[in-house]
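Here are my notes on the model you sent over.

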Amino acid sequence: MTAAPILDCPIISVNVRVWHFWSFVLKHDAMRYISIIPVGVMNVFMFADLYRAWGNIDEVIINAYFAMIFFNAVLRTIFILCNRQDYEDFLQRIAEVYSEIAMIDDHVVQKLVRKFTKRARLLSKANLVLGAVISTCYVVYPLFTGTRSLPYGMFIPGVNNFKTPLYQVFFIGQAVLTFPGCCMYIPFTSFFATTTLFGLVQIQTLQRQLRTFKDEVVKENRALVESKLEKCIEDHKRIIRYVSDVNSLVTYICLIEFMSFGLMLCALLFLLNIIENPAQIIIVVAYIFMIISQIFTFYWHANELREESMGIAEAAYDAPWVELDDSMKKKLLLIIARAQQPLEAIGNVYAMTLEMFQSLLNASYSYFTLLRRVYN
């Protein structure tokens, strides 16, 4: 497989280049082990620290938050590596379809491609910058606490983490590993967002072609009209397969993340209720913002995909079907009938909609109020 077309595909290039740098996709070298093994080992010691700190509720919650972030980062990366061929084939298909759509001689479609490409690239870069800024805050915060503490709680049996020079070594090590950890975590979130955005490109392009497939075609040229309509049917099938492929690549990782982060959101809200140090309050609010923004990114784009897919039926009805013969009318009816079932990201587990996002927040808040009542 040639990597150049995938790396040069504008709508996915930002995230794919990060994965390519760490050799998660499109190449195989030692870079992947430089990131996965040290971060994985550190994550094991982070979970060990939860056992050590058990009973100190605020310390456990903060350390559990970081442990889950790094656990999700490692899990995402291992999942990508285990399904590397599927990811590379999927990225190859995106590059091919993107090139095909970009070559359509229609100013509306061209504008559509530019709009969503710009949005996808801006989102991917913004996520990386946000991740870098928040990660820097994670690392720098312990320096202002006035006590010796590491960015992430870590317990190694028989080792005193706070004794010189081990403390300095561990601190620098965690600071360095924050960078690959961020690169393992953030691009996966952006990958889901950009793939759903590209799904929107395909859906809106199909809607445009359904409404205009008879334009500029001589009325008597039935064969050309029918071939354009059949191309719309094939594009609709391709979009359905595309969403199915997205689901197969991200469903279970997203499910684990939603479950773990729903619990962590509840725990952080509870922690915010019992701490009094202003600096700690600010940092906990930043953690909560990080969780909500990540989950919201998933739900917002999945909801957009679902809503836009429902518009395919309307676009087919807006087509010049009155002038078509019965066989072509039946083909349009098939598109309308299939479009009644919305295309849902993570749809084989549950529909990701803004209503479901609201339900998740409501459930987290309900558990938070229960915890607060029991604690008080």
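Where is serine 23 found? Point 1 takes that up, and the rest follows from there.

1. Keep in mind that this is a predicted model. Serine 23 sits in the loop that runs between helix H2 (13-21) and H3. Despite the loop position, serine 23 is buried, because its relative accessible area is 0% and the cut-off for buried is under 20%. Setting aside neighbours within four places in sequence, its contacts are Asp29, Met31, Arg32 and Leu81.

2. Now for the overall build. Along the sequence the pattern reads α-α-α-α-α-α-α-α-α-α-α. The C-alpha trace spans about 85 × 50 × 30 Å along its principal axes.

3. On confidence, the mean pLDDT of the protein is 85, with 96% of residues reaching 70 or more. Helix H5 (residues 84-102) has the highest mean among the elements, at 94, while helix H11 (residues 354-375) has the lowest, at 78.

4. Burial and surface next. Of the 376 residues in the protein, 51% are buried. The accessible surface comes to about 18,000 Å², and carbon and sulfur atoms account for 64% of that. If you take contacts between residues at least 6 apart in sequence, 77% of them join residues at least 24 apart.

5. Serine 35 lies in helix H3 (residues 31-52) and is buried, with a relative accessible area of 0%. Not counting residues up to four places away in sequence, serine 35 touches Trp22, Phe24, Pro180 and Met184.

6. Methionine 184 is in helix H7 and counts as buried because its relative accessible area, 2%, falls under 20%. Beyond its neighbours within four places in sequence, methionine 184 is in contact with Phe24, Ser35, Ile36, Val39, Ala73, Val74, Arg76 and Thr77. As for valine 139, 45 residues away along the chain, its C-alpha atom is separated from that of methionine 184 by 17 Å.

7. How do H4 and H7 cross? The axes of H4 and helix H7 (residues 166-212) come within 9 Å and cross at roughly 65 degrees, and the crossing is left-handed. On the H4 side the contact is made by Ile69, Phe70, Asn72, Ala73, Val74, Arg76, Thr77 and Ile80; H7 supplies Leu177, Gly181, Met184, Tyr185, Ile186, Phe188 and Thr189. By class, that gives ten nonpolar, four polar and one charged residues.

8. H4 also packs against H9. The axes of helix H4 (residues 57-82) and helix H9 (residues 278-317) come within 11 Å, crossing at roughly 30 degrees, and this crossing is left-handed too. H4 brings Ile62, Tyr65, Phe66 and Arg76 to the contact, and H9 brings Val284, Tyr287, Met290, Ile291 and Phe298. The residues here divide into eight nonpolar, no polar and one charged. Arg76 of H4 is listed in the contact with H9 and in the contact with H7, and methionine 184 is in contact with Arg76 as well.

Note on methods: Residues are numbered from 1 along each chain as its sequence is written. This is a predicted model: local features need pLDDT of at least 70, side-chain atom pairs count only at pLDDT 80 or more; totals for chains, interfaces and linings use all residues. Side-chain values use heavy atoms; hydrogens and water are left out. Helices (H or I, at least four residues) and strands (E, at least two) are DSSP runs, numbered from the N terminus. Buried means under 20% relative accessible area, exposed over 50%, partly exposed in between (1.4 Å probe, protein chains only). Contact means heavy atoms within 4.5 Å. Axes are lines fitted to C-alpha atoms, for helices over the stretch in contact, and angles run from 0 to 180 degrees between N-to-C directions. A crossing is left-handed if the near helix is turned anticlockwise from the far one by less than a right angle, and right-handed if clockwise. Ala, Val, Leu, Ile, Met, Phe, Trp, Tyr, Cys and Pro count as nonpolar, Asp, Glu, Lys and Arg as charged, and the others, Gly among them, as polar. Accessible areas come from the Shrake-Rupley method with a 1.4 Å probe; for residues, only the protein chains shown count as cover. pLDDT is the predictor's confidence in each residue, from 0 to 100.
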